[in-house]
Amino acid sequence: MAGSLHSFLVFIAVTLTNTMTIGRKYSLATALLAITASVSAFAPASKPLAYRKTLRSTVEETEVAESSNKNVEQIKNTSRDKVMTFSYDMSIEPEYEKPTYPGTGNGMSGDSGEYDIIVIGSGMGGLACSALSAKYGSKVLCLESHIKVGGSAHTFSRMHNGGKYSFEVGPSIFEGLDRPSLNPLRMIFDILEETMPVKTYKGLGYWTPSGYWRFPIGSKEGFQQLLMEQCGEDGPKAIAEWEALRERLRTLGGSTTAVALLNLRQDPGFLATTAGSLPFVLTHPDVFADLSLTFDDLSKTVDEFVTVPFLRNFIDTMCIFCGFPAKGAMTAHLLYILERFFEETAAFSVPIGGTCELGNTLQRGLEKFGGKLQLNAHVDEIIVEDGRAVGVRLKNGNVVKARKAVVSNATPFDTVKMMPKQENEPTGLTKWREELGKLPRHGAISHLFLAIDAEGLDLSHIDDPAHLVVQDWDRSLQDSQNLCSFFIPSILDKTLCPEGKHVIHVYSSGGEPYEPWEKLTPGTEEYEAYKKERVECLWQAVERCIPDVRDRVEFSIIGSPLAHEAFLRRDRGTYGMAWAAGSSAPQAGILGSVLPFPFPNLKTPVDGLLRCGDSCFPGIGTPSAAASGAIAANTMTHVDNHLKLLSEASKKDPMYKFLDAGIMGQVYKPLVQGFTPSPELRTDQFVAGAGAAPVDYSATDPNVSQRVDL
């Protein structure tokens, strides 16, 4: 008994060690996933775990009509302290026909067949899950509704006067892709042994009410100089407050190099795969005291340490990429910035050839290991039989069977559309569908794509292609008319447009209400006028940097939320799920009853159905979405395969040495290997011994007839 207690306590210690951020996000947060998985898996199957939890939504629960009114009403007074979210009921079908756009495909491709794993969606989460599952040895099919791979990370092109112009449509600020780093997306590239050429830059431009300034990444001294310049007589105070904040969060930030998101899996195998972090736990016992802080509202800690307005504004803009400013964001969102962004080697990257190269790189890895990607193949329905996901029905009517699992990389709002209610279905499934369909979300995004003549254009006053523009610090940074970004990748990547030209992508924050748009018909005068009205602020943002930009335009394209929805396959063009920090999201699992975990579980009430993407832990952001896909892939394979992959990865670069679970991983493996993958992810091919030998890790124990929900 003493030995068992010791092992369990060590397990808890290990599991509470993980936190990563902004792409490498969360650590302590991560840890609890293991506790959730282990407690569930070791509980008797005949006695499903019961627990109580109190859920508090970030928006009031209302009828759809009332909710829609509130969605629009809240943008009329967007004060700085306001947390904006949007709410819809996905159980009620819209009464209008969603517009379709040329260049997005008709979704009618895709053949029947049978695979081990079917992944719906080729965003970063879906591609990472697909590629790693293929490397683990599964027969994988990734189905993409669009004709382009990559989800939000794709590029489109237009011909003009014989020249080709390529534009980004999604994320544009990437750190840690130029060399081995803590960025899980870069880690996955290296594990797949795929390369992606990039150009780097060392700053982020800001255009604010007080003028232009630049955040210098990779230089602590440079940031201190910025604080002195922008804060005047409060400069020394701002530096002291920043250092106090860093010191307060130092232990949490340090855990980012104790265990990686790629070590994670959602079953008891977590004990073995994260065992290498034990030394950090033993030398930093205060990590336990900060556990709840990881998930809590960051503004609480900021309010405690930071008073200088400029510094508070800067912190808000660093958090806004997750959808919220400091108020609403988890503390975990800032940890990586505090640690990594001030190291000399830190740099932002521009993928050569466009952001689409992120998806192309993962696709090469998928196909290298025998996986298949099918474009223009829209999934109409996830087929559920006897409580298990057994495949999908495509828009063209073909059925593709899944021997082991179906993984949805779609948003929760789009996932529930693929799961129509069935007669006599379990109440747990009904509740899951309803709660995911009503989750609060961020608003939509508006885009402005510009091709300009650069002859005689002097850009010597800027050093970087990426810029943030804030109109008014007293208004919410979630307000799509107040905050936007513009990106000029052609400053570094000359392949994107003809010589002497530039391409610019300007996009709003994710706070654009959808309701005014859904009443309009594309192509009508009213629609075109409203488009011009809503993107005028985007034009003005670029004019801060290029005053004569309208005179230089070769051509321009406005992307409305309707287009954003159609091209990126995201319901109502949403930026993503929006559960504010400080409370547990619905369907968060046991973890949600222990801590305020703001993500629904990647597992579902349906056996063999998982989710990944930016609505799952660790959240919004290209690297984070990729990490969620890796966690899903790890969860579906035997722990021995996972340990071998981590050991292999640890030898690829000194930066990755900490990935190896080491001797302690081997010590704990015999204790947990019989529970990996967890029962609901096994099939009838299981070899007797409950998975002790990873000969057929896609198989299951025929004696395990009842799953235990996490």
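Arg-433 is buried, at a relative accessible area of 13%, where buried stands for under 20% relative accessible area, exposed for over 50% and partly exposed for what lies in between, with a 1.4 Å probe and protein chains only. This residue forms a salt bridge with Glu-425, and the closest N and O atoms are 2.7 Å apart; a salt bridge here is a side-chain nitrogen of Lys or Arg within 4 Å of a carboxyl oxygen of Asp or Glu. The model is predicted, so that local features need pLDDT of at least 70 and side-chain atom pairs count only at pLDDT 80 or more, while totals for chains, interfaces and linings use all residues. Residues are numbered from 1 along each chain as its sequence is written, and side-chain values use heavy atoms, with hydrogens and water left out.

**Salt bridges**

- Side chains of opposite charge can pair when their charged atoms come close.
- By the rule stated above, the count comes to 36 salt bridges.
- Glu-425, the partner of Arg-433, also counts as buried, with 11% relative accessibility.
- Glu-680 forms a salt bridge with Lys-603, with 2.9 Å between the closest N and O atoms.
- This pair links distant parts of the chain, 77 residues apart, since Glu-680 lies in the segment after helix 25 (662–672) and Lys-603 in the loop between helix 22 (591–594) and strand 21 (609–611); helices (H or I, at least four residues) and strands (E, at least two) are DSSP runs numbered from the N terminus.
- Glu-680 is buried at a relative accessible area of 3%, and Lys-603 is buried at 6%.
- Asp-303 and Arg-312 form a salt bridge whose closest N and O atoms are 2.8 Å apart; Asp-303 is partly exposed, with a relative accessible area of 44%, and Arg-312 counts as partly exposed at 30% relative accessibility.

**Strand 11 and its partners**

- Strand 11 (residues 348–351) is covered on both faces, with Phe-348 and Val-350 buried on one side and Ser-349 and Pro-351 buried on the other.
- Strand 7 (residues 174–175) pairs with strand 11 in the antiparallel sense over two bridges, where two strands pair if DSSP finds at least two bridges between them.
- Strand 8 (residues 198–201) and strand 11 also pair in the antiparallel sense, over four bridges.
- Phe-348 of strand 11 is the bridge partner of Glu-175 and is likewise the bridge partner of Tyr-201.
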